[in-house]
Each structure stands twice: as C-alpha cells, then as structure tokens.
Amino acid sequence: FDPALEAEIRASAERLFKRDIHCNTAVEPGPSDFASPCLMEAAIMGQLMDRESFLPWLDAFLPPLYSAEFRPLTRGLGPEFVKNPAAIASKSHIVGLAFVRATSMGELANALPPTDARVPVLRRLAAIQAGTGFPLMGAVGYDGSHYYASWATTYLITNPTLVP
C-alpha cells in the first residue's frame with residue numbers, strides 16, 4: 001500500500017470525473033469495447049467519494065435505472081450471437097464486457113446505502129450480465145478465455161451473497 005499513490009489516484013479521479021454529468025450511454029457499447037466507460041467511472045467514484053458526495057454525483061451522472069437512457073448499459077448478447085460460435089469468437093470482447101458491466105453494477109450496489117431501491121435492481125442487472133458470460137467462457141477458446149476467468153471472479157467478489 002502506497003499512501004502517496006492513493007492520494008494521487010483520488011486527486012486524479014476528482015480532477016477528471018467529479019464534474020461529469022449525463023454520461024453518454026447511447027454510445028455504449030462501442031464496436032470493440034471491453035469496458036463500459038459510464039459504469040466503470042461511476043464504480044470508481046463510488047469507491048473514492050464519500051457516500052454523502054457520491055449519491056448526488058451519481059444521480060447527475062447516470063440516468064435512472066428504468067429509463068430508456070440507461071437501457072444501452074443493460075444490452076446483452078442476443079440469441080443469434082449465443083447460438084453462433086463464429087460470432088462469439090469474432091466478438092469475444094462482448095462476453096468480457098458482460099463481466100465488466102456485472103462487476104461495475106455490483107460495485108455500484110456496494111457503494112449505495114443498503115436500503116437504496118437501486119441496490120436490488122443493480123444486483124439483478126449484474127446477475128443478468130454475468131449470466132450471459134458464464135456459459136460462453138469456454139466457447140471462444142483462447143480468444144477470450146484467458147481473461148474471462150479473472151473478470152468473472154471479480155464480479156463474484158462484488159456480491160457478498162455469492163462468495164462466503
């Protein structure tokens with residue numbers, strides 16, 4: 001642990017992200033995204049900001065969970081993709097994206113007060129995202145499986161009911 005490094009991370013996150021509002025969810029996922037910029041930024045800020053500051057920041061940054069603007073962050077793999085191994089191999093990053101989204105949603109749920117109505121919704125969305133990734137972990141061969149396991153484990157760690 002390096003306190004100077006932690007201080008620099010916190011200062012950089014504040015400088016880069018604290019004034020961000022209305023994340024552009026419509027551009028997610030991009031054609032080769034392994035990550036969700038909106039969800040990852042929100043998860044990082046949830047870890048770095050105190051809860052009193054984080055809650056209003058999150059409300060200004062992400063759209064409401066049930067809104068059309070949030071929907072792009074929940075799109076998973078379509079049935080035609082799952083049934084076509086060639087499509088899976090050529091788009092293996094989308095499987096990784098499902099795990100990264102699941103992890104970010106789990107981290108967001110952890111950053112919110114336990115009684116916040118968004119917590120069970122985020123946990124359910126995280127489970128849905130991870131649920132699309134788990135069955136495909138081996139389907140792509142080395143193209144994706146070499147990193148899926150670490151992302152799947154990271155997701156599991158975010159949910160205290162899944163890991164004792």
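A single disulfide, defined as a pair of cysteine sulfur atoms within 2.5 Å, is present in the predicted model. It is formed by cysteine 23 and cysteine 38, whose sulfur atoms lie 1.8 Å apart. Cysteine 23 lies in the loop between α1 (3-17) and α2 (37-48), whereas cysteine 38 belongs to helix α2, so the pair ties together parts that are 15 residues apart in sequence. The torsion about the S-S bond is about -85 degrees, and the disulfide is therefore left-handed. Both cysteine 23 and cysteine 38 are buried, where buried denotes under 20% relative accessible area and exposed over 50% (1.4 Å probe, protein chains only).

The chain has eight helices and zero strands, these being DSSP runs numbered from the N terminus (helices H or I, at least four residues; strands E, at least two). Of the 164 residues in the chain, 42% are buried.

In helix α3 (residues 51-61), Phe54, Trp57, Leu58 and Phe61 are buried. Viewed down the axis of α3, the buried residues fall within an arc of 100 degrees, and so they line one face of the helix; the arc is that of the directions from the helix axis to the C-beta atoms. The exposed residues Glu52 and Asp59 are carried on the face of α3 turned away from its buried side.

Residues are numbered from 1 along each chain as its sequence is written, and side-chain values use heavy atoms, with hydrogens and water left out. Because the model is predicted, local features need pLDDT of at least 70 and side-chain atom pairs count only at pLDDT 80 or more, while totals for chains, interfaces and linings use all residues.
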